[in-house]
Structure formats: C-alpha cells, structure tokens
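Hi everyone, thanks for making time.

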Amino acid sequence: GSQLLLLGRTWAQRHQNNAIAVSCSHILKRNRDLTKAWKGKTEQLLRVNEHDFTMRPAFGGPAIPVGVDVQVESLDSISEVDMDFTMTLYLRHYWKDERLSFPSTNNKSMTFDGRLVKKIWVPDVFFVHSKRSFIHDTTTDNIMLRVFPDGHVLYSMRVTVTAMCNMDFSHFPLDSQTCSLELESYAYTDEDLMLYWKNGNESLKTDEKISLSQFLIQKFHTTSRLAFYSSTGWYNRLYINFTLRRHIFFFLLQTYFPATLMVMLSWVSFWIDRRAVPARVSLGITTVLTMSTIITGVNASMPRVSYIKAVDIYLWVSFVFVFLSVLEYAAVNYLTTVQERKERKLRERFPCSCGIPHSKTMMLDGNYSESDANSLAGYTRNQMVPEEEKPEKMVVHLAMSNESNSSRKRGLKGHVGLRIIQNTHAIDKYSRLIFPGTYIFFNLIYWSVFS
C-alpha cells in the first residue's frame, strides 16, 4: 500500500511539472527574449573577438571611404571677445566593415549603444581649432551604432563643440561674419581614410528654429579640401560654413542714436547768450563726458583689436564735433574779452560822447535791472553811435524830453531787441549752419559706405 501511494505521488508531481513546462513554453513563444536564448550571441554573430579591430577595415589596401553628414541642432552662442562660437550637432559617419557582416534572413539591421563602440573600429574624426567639446551623456552616452548584414555601419553621436572663428570687426556693427567648423581624421592620412560629405550640400541639415539674439543666420553650406602637415602628410578636411549678419537695431538704440543726440545737444550752446558763461561751459562739458562714457561702454564689450572699427569712426567723429563746440565758445569768449578791452581803452581815451553837452550816455550790455530801466524816465533817444564804430555795445545818448511813459517803454523794448542781436557773435552765427551741415554730410557718407 505504501508503494502504491508513493507511485501516485510521483505521477502527480510529473504531471504538474509537465503542465508548468507547457505554460512556460507558451509564454516564451509570446515574449521571446533573444538575449537569453544564446549567451554572447551578439559578439558571436558579429565575430568581434575573431578580428583585430585596432586596425582599419581593408588594412593595406586602398583608402576606406567614410561618409559624413551633420544635423545642426542649435547654434548656442557667438562671442566677439573670445572670437569663438558654440554649436550642438548630430554627427554621423557611414562606412563599410566586412568584418561586422552577419547572416540575416530578413536583411534587418541591429542597433547598439556606446558599449559596443569600444570594441570595434570607428573613425577618429576630431574638430580642428576646437577649444572645448564633449559628447552628451544624459542619461547615458548619446551614441548610436547601427550595423547592417552586409557590413555597412552607421555611427551617430550628439556633440557640443566650441570652436575658434576668426572675425573681422572693421565694419562692426554693420558687419557679416563667416565661421566654419572643420572635421578631420587625426591619425589616418588620405591614403588610409577618405573623408567626404555623404550627399554633398544635402549632407548638412539645420533646425528651422535656430535663431540668435544679435545675428541673422543667412546660410549654411559645406566644402571640403586637403590639409597638409609637414610632418605627417595630407588629410581630408570637411568644413561646415555658415554666414551671420548682425542685427543693427540694437546698436542704433544703444550707440548711434544717443551719440547723435549728444552732438545735437552741443549745438544748443550756439543759441545761448555768449555772456552766459556757466550755461555754455556746463553744457559743453556734459556732452563731452557723455560721449566719453558711450565710447568706453562700446569698447568694453569688444576685443582689443589693432584696427579701427566702423563704430569707432562714428563715435570719435561725434566726439570731435562735441569737443569743437566747446572750443567754439572758448574762441567766442576770448574774442569778446579782447573787444571789450579795446572799447574800454577807447572810452578812457574819449570820455565825451560826440560833444553833446546835454546828453546822458548809457551802455546797454544786457546786465541791467528794473531800476536801471526806470531810470530812463524823462529821457529820449537823441543819437546813437554807428554800429561800425561800436559793434559789440549799444551806446545810447539820452536827452531831456517831455515824452509820455508809453513812448519811453516802446523805445526800451526796441533797445532790448537790438541788444539780443548785437550780443550774438559772428562765430555763433556761422556755427549754427556749419556744424549741422557738416555732421549731416558725414552721416550721408558713413551710411552709404558701411551699409
């Protein structure tokens, strides 16, 4: 009886195991995991361990062609001070390595990440004149390797590179800059590796959303040529060229418009009385200091180049105009002082006024009070010295009269109007026309040349 019981339990256990095996087989058919079917199948299929991948494909034969195409994701920044640019791009290589060919019934490719890249041969392309570059590694290394059954390989990576760009600022800020990102093999000359653009100009793609704050991207294009090194030989070099044109509106608001306003403000002193020394001097000094601040602010954000930029020409010419307006008043003040000295000597030499005994001589130079005006009551204009004798002062001879107060007031108003005209120096009159006309002529030439 015990033996029959043991046989029954054994039979039941086998039946249960068979049921579990059938169930697992059904699950595997639905969700088959190839990585568990054959340990090391990938390396065995690609025969990675059977070849020396430290050597290039077809070693000893003709140069292996490696096609390249690029998709520019973003143009991050352009630095005038450091003369460089930063670009993020997808860099893809295409070549054929028969050592990686594998049999396939459906002719489908296999895709791998960066872990297989370390075990096979890949092109040693680097960025010429790059300052900093890195492959993105979030959340893992942004590297993709795709192998086709016939041995063709696609190798793609996401890279950010900061490269040098030789900029010419002679037309700044009305300039256009052309920069290039250069790709080249570091170890293999053109006899071992032929680097080329896979589809010509179609090999370069750009994101339509790429935009910069100060520049307008005009065009991207590709070129290629040979580069020679005296110690190692000739290498294939690929170029990603792009042309940038600077937006002028920012500099119009921040530089050109304020500088023009300062020049125009300096012209206000030509309409101010030449005897108002504090007003004219303070106005001239203020405009000069403001122009100096504008020039310093512009040069602080620019590299210290040894040639003159277009903005320097405009700012320094504007500074000269402002400075000349200060010198103009210095000349006017000096000439006025010399003329007054001559008149004072002339009055000391001829104390009487034209031999008129019953007249009172009064100098109206603009500095008189209301009491001085009231002192004119009871007097009337009898004779006036000709202007050619006294061009800078009004010498008025007043004689006793019984005219009404209204007549005396009308005569006083006429004297004040004449005084204002007489107190304008000839240099001021000419400066009101010469300074604006010359500055407008300069602007016409400047914008026609640099625009």
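Let's start with strand β8, residues 176-185, which pairs with β12 in the antiparallel sense over nine bridges. When I say strand, I mean a DSSP run of E with at least two residues, and helices are H or I runs of at least four, both numbered from the N terminus. Two strands pair if DSSP finds at least two bridges between them. One of the bridge partners here: Leu181 goes with Ile240 in β12.

Before I go on, this is a predicted model, with local features needing pLDDT of at least 70 and side-chain atom pairs pLDDT 80 or more, while totals for chains, interfaces and linings use all residues. Residues are numbered from 1 along each chain as its sequence is written, and side-chain values use heavy atoms, leaving out hydrogens and water.

Now, the other partner of β12. β11 is joined to β12, residues 233-246, by 14 bridges, and the two run antiparallel. They make a hairpin, with three residues between them. Across that pairing, Ile217 stands opposite Leu244, and Lys219 stands opposite Thr243.

So what is the order of the strands in the open sheet? It goes β4-β8-β12-β11, four strands with antiparallel pairing. The edges are β4 (125-128) and β11 (215-229), each pairing on one side only. As for β12, 12 of its 14 residues are buried, so the rest of the structure largely encloses it. Buried means under 20% relative accessible area, exposed is over 50%, and partly exposed is in between, using a 1.4 Å probe and protein chains only.

Next, the core. The largest nonpolar core has 79 residues, and among those touching the most other members are Leu145 and our friend Leu181. A nonpolar core here is a set of buried Ala, Val, Leu, Ile, Met, Phe, Trp, Tyr and Cys residues joined through side-chain atoms within 4.5 Å.

Last stop, the helices. α7 (residues 310-349) and α10 (residues 426-450) have axes that come within 12 Å and cross at roughly 175°. Axes are lines fitted to C-alpha atoms, for helices over the stretch in contact, with angles from 0 to 180 degrees between N-to-C directions. That's it from me, thanks!
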